[in-house]
Amino acid sequence: MKSVLFCGTRSEDEGEQTVETVGQQLRRVREEKGLSIKDIEGETSIRALYIKAIEEDDYATVPGEVYLKGFIRSYASHLGLNPQEAIELYRSATSLSTEASVESKDTTVSFVQETTVAQKNEAAKRETTANASSALWKWLALGVMVLVGLVGGFYWWQSTDTPPAASPKQSTIAVPTKNVEKPQNTVTTAAPVVAKNSIAIGAKFQGNCWTSVAVDGKTVYEGIPKSGESMSWEGRKDVVIKAGNAAAIEITKNGQPIGKLGNAGEVVEKIFSVNSSN
């Protein structure tokens, strides 16, 4: 018999009904079944760190919303709860948190805008001062150049009374030259590289592992395969595999084995592209 996920608790003093968060309900049902976090970790292959974070609604600890939703579905399903209702409860809680932070964001934006205007005004004042100083130095430099020109002209006028001494003629010696043939450069054209037009990825599952697969940017699989099950995907650009227990997956690329996707309990996202050697 499945438990009802959307349930509330009533306070006797205040008479108000409050809805539990998805983490609180998962923890309550787990404790009612007499299971520990370690029991859930061993049965679902979800790390105890992430199970505890979900129960405490500490979503920032889980690496990415895709993994978070996959873990919530797997955890709820294992406890006999409705996975889709668990996701809807999570979305409802996060949307309320987003609305509550709008007013704080608006205040921050207003403060940043006022600060930016003040900074622009200060920068304009500094630029005006710098331009005035630059113009002054330009006029001083021009005055110095005019003064130097006048002094030079005066000395040149004084020197015109003395005829210049005749300079001896210089003999010019013609040197014969030889035409030297330049070696021709030899250009070697590299053979064109033929690009592969597809990539094939195979996966064999040796344990429970939440898995999501996208081929050429489109999600084609999301779920928890059975132990011993094998799958394969082929893409023209890339194949992206996200796994919640990387050690449970043996990978082959274009028919060649490349080993496990990662360590036990490790959350991994691996991109296999056509042009990549990995």
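Contact here means heavy atoms within 4.5 Å, and helices (H or I, at least four residues) and strands (E, at least two) are DSSP runs, numbered from the N terminus.

## Ground rules

This is a predicted model, where local features need pLDDT of at least 70 and side-chain atom pairs count only at pLDDT 80 or more, while totals for chains, interfaces and linings use all residues. Residues are numbered from 1 along each chain as its sequence is written, and side-chain values use heavy atoms, with hydrogens and water left out.

## H2 against H3

Let's start with a pair of helices. Ile 37, Ile 40 and Glu 41 of H2 touch Ala 48, Ile 51, Lys 52 and Glu 55 of H3. Sorted by class, that contact has four nonpolar, no polar and three charged residues. For the classes, Ala, Val, Leu, Ile, Met, Phe, Trp, Tyr, Cys and Pro count as nonpolar, Asp, Glu, Lys and Arg as charged, and the others, Gly among them, as polar.

H2 spans residues 37–44 and H3 spans residues 48–55; their axes come within 9 Å and cross at roughly 120°. Axes are lines fitted to C-alpha atoms, for helices over the stretch in contact, and angles run from 0 to 180 degrees between N-to-C directions. The two helices are therefore oblique to each other (under 35 degrees is roughly parallel, over 145 roughly antiparallel, 65 to 115 roughly perpendicular, and the rest oblique).

## H3 under cover

H3 is mostly covered, with six of its eight residues buried. Buried means under 20% relative accessible area, exposed over 50%, and partly exposed in between (1.4 Å probe, protein chains only). The buried set is Ala 48, Tyr 50, Ile 51, Ala 53, Ile 54 and Glu 55. Their cover includes helix H1 (22–32), H2 and H4.

## H2 against H4

H2 also meets H4: the axes come within 11 Å and cross at roughly 105°. H2 and H4 are therefore roughly perpendicular to each other. On the H2 side the contact uses Ile 40, Glu 43 and Thr 44, and on the H4 side Ser 74, Tyr 75 and His 78. By class, this contact has two nonpolar, three polar and one charged residues. Ile 40 turns up here and in the contact with H3 as well.

## The four-stranded sheet

Now for the strands. An open sheet of four runs in the order E5-E4-E7-E10, with antiparallel pairing; two strands pair if DSSP finds at least two bridges between them. E5 (218–223) and E10 (268–273) stand at the edges, each with a single partner strand, so one side of each has no neighbour in the sheet. On average, neighbouring strands are turned by 15° against each other, direction ignored.

Ser 212 has Lys 242 in E7 as its bridge partner. Helix H4 (residues 65–78) packs on the sheet, touching E5, E7 and E10, and its direction makes about 50° with that of E7.

Most residues other than glycine have a negative phi. Asp 57 sits in the loop between H3 and H4 and is partly exposed, at a relative accessible area of 25%.

Asp 216 has a positive phi too, about 55°, although it is not a glycine. Its place is the loop between E4 and E5, and at 35% relative accessibility Asp 216 counts as partly exposed.
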